[in-house]
Amino acid sequence: ARISQYEMASRMQLSVPEVTDLSKEPESIKSLYGPDVNTPGTFASKINDRGQIVGWGLTAAGGKTYHAFLWERGRITELGTLGGLYSFAFGINGRGQVVGMSMTSGNVDHAFLWEKGKMVDLGTLGGNLSQASAINERGQIVGWSLPANQSSHQHAFLWERGKMIDL
């Protein structure tokens, strides 16, 4: 069961570049993503009304793993991880709060919230995997997680006031 969870997570992560293919975007839009937009392995996923962009790219240290980033006014801030090898940013709100998924030090993927320079593990619904997809202006976060005792069926969640609620 554990291997099938990792295989599912791997399939989802490997499909993300196809979903975020920017090759058909006009140059006027691509220029907003920064100078590395055409570098293989750099992906932008969301932009807020303040022009802040989140995504992920190959790390500067060897370029063998992806880390989530925040782009603002021509500068990239690497968001780090939850102790594991990689992270991906999928959403940002107008307050600059970022959500996504990161590998933990325990080698499982968890949803995260990044704000004010700190990445916070949002946990799971009892299973090994979770991913945050979007955040609104109230700081409510939605995504999916594997619940306890289930190996392959994802459950949608709402995270608010420090708690993950199974939808």
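1. The β7–β8 hairpin. In this predicted model, strands β7 and β8 form a hairpin with 2 residues between them. Lys116 sits in the turn and has a positive phi of about 50°. The two strands run antiparallel and are joined by 5 bridges. β8 covers residues 118-123. Glu115 faces Lys118 of β8 across the pairing.

2. The β6–β7 hairpin. β7 also pairs with β6, in the antiparallel sense, over 6 bridges. Here the hairpin has 4 residues between its strands. Asn107 lies in that turn, with a positive phi of about 65°. Gly100 stands opposite Phe112 of β7.

3. Asn93. This residue is in the loop between β5 (83-92) and β6 (98-104). Its relative accessibility is 1%, so Asn93 counts as buried. A polar atom of the Asn93 side chain lies 2.9 Å from the backbone oxygen of Asn136. Setting aside neighbours within four places in sequence, Asn93 is in contact with Asn48, Gln52, Ile135, Asn136, Glu137 and Gly139.

4. The four-stranded sheet. An open sheet of 4 strands runs in the order β9-β10-β11-β12, with antiparallel pairing. β9 (126-135) and β12 (163-166) stand at the edges; each has a single partner strand, so one side of each is left without a neighbour in the sheet. On average, neighbouring strands of this sheet are turned by 35° against each other, direction ignored.

5. β10 spans residues 141-147 and β11 spans residues 155-160. The two run antiparallel and are joined by 5 bridges. Ile141 stands opposite Trp159 of β11.

6. Aromatic pairs at Phe43. The structure holds 7 aromatic pairs. The rings of Phe43 and Trp56 have centres 5.6 Å apart and planes at 35°, so the pair is tilted. Phe43 lies in β1 (residues 43-47) and Trp56 in β2 (residues 53-58), so the pair ties together parts 13 residues apart in sequence. Both Phe43 and Trp56 are buried. The rings of Phe43 and Tyr66 are also tilted, because their planes are at 50°; their centres are 6.2 Å apart. Tyr66 is in β3, so this pair links parts that are 23 residues apart in sequence.

7. Are Phe43 and Tyr66 buried or partly exposed? Phe43 is buried, with a relative accessible area of 12%. Tyr66 is partly exposed, at 26%. Ring pairs link Phe43, Trp56, Tyr66, Tyr86, Phe88 and Phe90 into a cluster.

8. His67. This residue is in strand β3 (residues 66-72). His67 is buried, with a relative accessible area of 15%. Which side chain makes a polar contact with that of His67? The partner is the side chain of Glu78, at 2.3 Å. Leaving out residues up to four places away in sequence, His67 touches several others, including Trp56, Thr59, Thr81, Leu85 and Tyr86. Glu78 is also on that list. Between the C-alpha atoms of His67 and Phe88 the distance is 6.0 Å, although the two are 21 residues apart in sequence.

Methods
Residues numbered from 1 in each chain as written. Predicted model: local features only at pLDDT ≥ 70, side-chain atom pairs only at ≥ 80, totals over all residues. Heavy atoms only, no water. Pairing = 2+ DSSP bridges. Axes fitted to C-alpha atoms, helices over the stretch in contact; angles between N-to-C directions. Buried < 20%, exposed > 50% of the residue type's maximum accessible area, 1.4 Å probe, protein only. Contact = heavy atoms within 4.5 Å. Polar contact = N/O pair within 3.5 Å; in protein donor to acceptor, adjacent residues only side chain to side chain. Phe/Tyr/Trp six-rings, centres within 6.5 Å; stacked < 30°, edge-to-face > 60°.
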